[in-house]
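These notebook entries record what I looked up in one structure. I set them down in the order in which I worked.

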Amino acid sequence: MGLKEIILSKSINVFHLSSGSCNNCDIEILDCLTPRYDLERFGITLVGSIRHADVILCTGSANRLTVPIIKKLYDEMPKPAFVVAFGACGSSRGLFKDSYNTGQPIDEIIPVDAYIPGCPPKPEAIIGGLLKLIEKIKDKNKGKIKG
Amino acid sequence: MNIDEALKSITDRFGSRILAVSRRSVKRAYMDIYPKDIVDIVRYIFKDMAFRFNIASAVDDFDGLEVIYHFSNDAAGFVISVRALLKDKTDPHIDTITEVTRSAWWIEREIHELFGIEFDGNKDLRPLLLPDDWPSGVYPLRKNFVVPKRDSRKEGAE
Amino acid sequence: MSHKAHVPIGPYHPLQEEPEFYKLVVDGEKVVDVDVRIGYNHRGIEKISESKNFDQSIFIVERICGICSSSHPIACVQAIEDIADIPVPERALYIRTINQELERIHSHLLWLGLAGHFLGYNTVFMWSWKYRELICDIMETVTGNRQNYAMLKVGGVRRDIEKEHVPYILSRLDELLPKLDMLKGAVLDDPVIHARLKGVGVLTKEAAIDYATLGPVARASGVDIDVRRDHPYAAYDRVKWNVITREEGDVFAKTVVRILEMYESASIIRQCLDKMPQGPIDSNPKDVPAGEGIGLAEAPRGECFHYIKSDGTNSPMRHKIRAPTYMNFPTFRETVIGETISDATIILAGIDPCYCCTERMLIVDTKDKDIMNVEKLIKLSQEKTARLKEKMGIK
């Protein structure tokens, strides 16, 4: 395992991106920072700028207006970069797949490495999913894994 | 003031300009009016009778596009909805009520982009919700707009 | 020499859960104009609702907004019930009330945490979100999920509150109340918070009425409206509680209103648990006739309004949804112009925008390459608090 992978698996910077979500997923992510769940003990921190991010945590059903923004942010991310599609909306647009304003799910816009399904996923599922992603980074497993 | 007193006050003031009144219950009433009278009637209900503007909604019906303005009297707990029918679906127009209340700014923009209704006198009918590259003349909430059912994986990215 | 710069707030910041684009035009330190580009959360729910049946619409409507997750379904279900005066059993009315008031507490605590962060009081953020978990625990025990409760149906509720849950709910509320006292003291008695929030972002009563503002934003400006009292629904007319209003209209008044409302909510829940009769929770209506109906509910942010027109079939012919922030949000422009950039985030927070309810975006681009992102804006706000503390000799 290279130095990059060792560092990545010990301390992950996560950038949270909402592509048109109902906010539940976003709140559950913030909930993970609070004392009861405390994501930071796993070395996972939320960052405010895409240029510092290793992982992009994408919620929401990829509203048309956000599609160019998602692509732009993914391109700006320093590689290696990993994408987690979060929630039912992130994985497949969920209930909103029949809408005129949600063209395609996130995994058709940018390559996704992990999915955390749920509406919203509970904080335990989030922690589980992110830990699985860390395992993936360590193993360099190229296949998609479910959280 | 209860709902019957309110309805009587409006019908006394506007007479035959009120086409129909349907009092559903002690809490709900619907009034039909001509589109050209909307500003005067809204001004009376919002300013003179001091009702609160809930929202406006548009409906694409068989005989035209209906715009319904909902007002609530919070002191007595009832809602009066004022309905104007725009019969010409190809070029529907109604006067703006933003002169009477600023709370109608956004909803007129939204109804304009989703239904294609022109609010005469409103200089700011920019799109509120739809993307900038949404094709003009396509109004999503009209009945003739059908969201295409497709399997996006087969067709690839749009 | 003053120059105009456009200040970006957004697009994506960890503590702004939703993508927002506000274009703030600043002249030096003062905000002179604001424009908003929304649409980033627009999912076409009204159109989707037309192709689903009435039962399915309730599930979609729950996901309009995560924090008003019980208010939109209550308003939706009441609109359908209004079409034909569909009766609802007594016990179901009380359960609806309890569901809504629990959500009000958790929403206001969430807001308190975010406002605390914007001001630089990260401990307030951590505490209020930690104690919010007590409410999430109750929700999970009673409804099965921390958010998106799926409790409502036309004619009643889907799940009952079991007898053994009642002492659990009461014990959690007992645990929560002293923490609320602590948070109340930490926020309302702090002279620095007084200095930061008093007189900031004032919304006059006349403007509040002209913009038809709702909820705590209106009540903080002296407009005495509350759907629970004015258009009574569920079991609100069967229990005693107070509507909290203030006259000043500034962000401090909005904070006071929200904090005191949490105590009223706790009292309503206790009364409901006490008075709830035994009996059925569902009147099992068979179909929805043609007609139109309106449903109103007081979400934590204000009135949710649903208008449903039915043509006698299984699906709504038209489902108009109006969330409270749709009316409140335009007051941001009214209240932020003339204030400084470092207060912009807290004034915005004062409205408690439920972005997904209204879909707003914040974009800022700058002509003079003076780009500030939301992180920097929140930092400006926190730095102002630090300067004030130093000036007042407080550590």
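Before looking at helix pairs, I noted how an axis is defined: it is a line fitted to C-alpha atoms, for helices over the stretch in contact, and angles run from 0 to 180 degrees between N-to-C directions. I also noted that the model is predicted.

**Entry 1: H5 and H6 of chain C**

I began with helix H5 (residues 122-143) of chain C and helix H6 (residues 165-188) of chain C, whose axes come within 10 Å and cross at roughly 165 degrees. Angles over 145 degrees count as roughly antiparallel, and H5(C) and H6(C) are therefore roughly antiparallel to each other. I recorded the crossing of H5(C) past H6(C) as left-handed.

I then looked up the residues in this contact. From H5(C) they include Val124(C), Trp127(C), Tyr131(C), Leu134(C) and Ile138(C). From H6(C) they include Tyr168(C), Ile169(C), Leu176(C), Leu183(C) and Val187(C). Sorted by class, the contact of H5(C) with H6(C) has twelve nonpolar, three polar and four charged residues. Among the charged residues I noted Asp137(C) on H5(C), and Arg172(C), Glu175(C) and Lys179(C) on H6(C).

Next I turned to helix H4 (residues 90-119) of chain C. H4(C) has 30 residues and reaches 44 Å from its first C-alpha to its last, close to the 44 Å expected at 1.5 Å a residue. After H4(C) comes Gly120(C), which has a positive phi, near 100 degrees.

The axes of H4(C) and H5(C) come within 7 Å and cross at roughly 165 degrees. That angle makes H4(C) roughly antiparallel to H5(C). H4(C) passes H5(C) in a left-handed crossing.

On the H4(C) side, the residues that meet H5(C) include Leu102(C), Ile105(C), Leu109(C), Gly113(C) and Gly116(C). Their counterparts in H5(C) include Val124(C), Phe125(C), Trp129(C), Ile135(C) and Met139(C). By class, I recorded 13 nonpolar, six polar and one charged residues in the contact of H4(C) with H5(C).

I then stepped back to chain C. The secondary structure of chain C comes to 16 helices and nine strands. Of its 395 residues, 61% count as buried. Among contacts in chain C between residues at least 6 apart in sequence, 75% join residues at least 24 apart.

From the N terminus on, the elements of chain A run α-β-α-β-β-α-β-α-β-α-β. Chain A has 147 residues, and buried residues make up 55% of them. Among its contacts between residues at least 6 apart in sequence, 80% join residues at least 24 apart.

How many residues does the contact take from chain A and from chain C? I found 31 residues from chain A and 34 residues from chain C. On the chain A side, strand S1 (12-18) and helix H2 (24-31) are the elements that give two or more residues. H2(A) gives the most, with four residues. By class, this side of chain A has twelve nonpolar, 14 polar and five charged residues.

The contact between chains B and C takes 23 residues from chain B and 25 residues from chain C. Strand S3 (52-61) and helix H3 (105-115) of chain B each supply at least two residues of the chain B side. The largest share, six residues, comes from S3(B). I recorded the classes on this side of chain B as 13 nonpolar, six polar and four charged.

**Entry 2: one residue of chain B**

Lastly I looked up Met31(B), which lies in strand S2 (residues 28-33) of chain B. Is Met31(B) buried or exposed? Met31(B) has 23 C-beta neighbours inside 10 Å and therefore counts as buried; the cut-off is 20 or more.

Leaving out residues up to four places away in sequence, Met31(B) touches Ile18(B), Val21(B), Ile80(B), Val82(B) and Arg83(B). Met31(B) and Val82(B) are 51 residues apart in sequence, and their C-alpha atoms are 4.8 Å apart in space.

Conventions. Residues numbered from 1 in each chain as written. Chains lettered and ligands numbered in written order. Predicted model: local features only at pLDDT ≥ 70, side-chain atom pairs only at ≥ 80, totals over all residues. Contact = placed C-beta atoms within 7 Å. Expected span 1.5 Å × (residues − 1). Parallel < 35°, antiparallel > 145°, perpendicular 65-115°, else oblique. Left-handed = near helix turned anticlockwise from the far one by under 90°. Buried ≥ 20, exposed ≤ 12 C-beta atoms within 10 Å, placed from the backbone.
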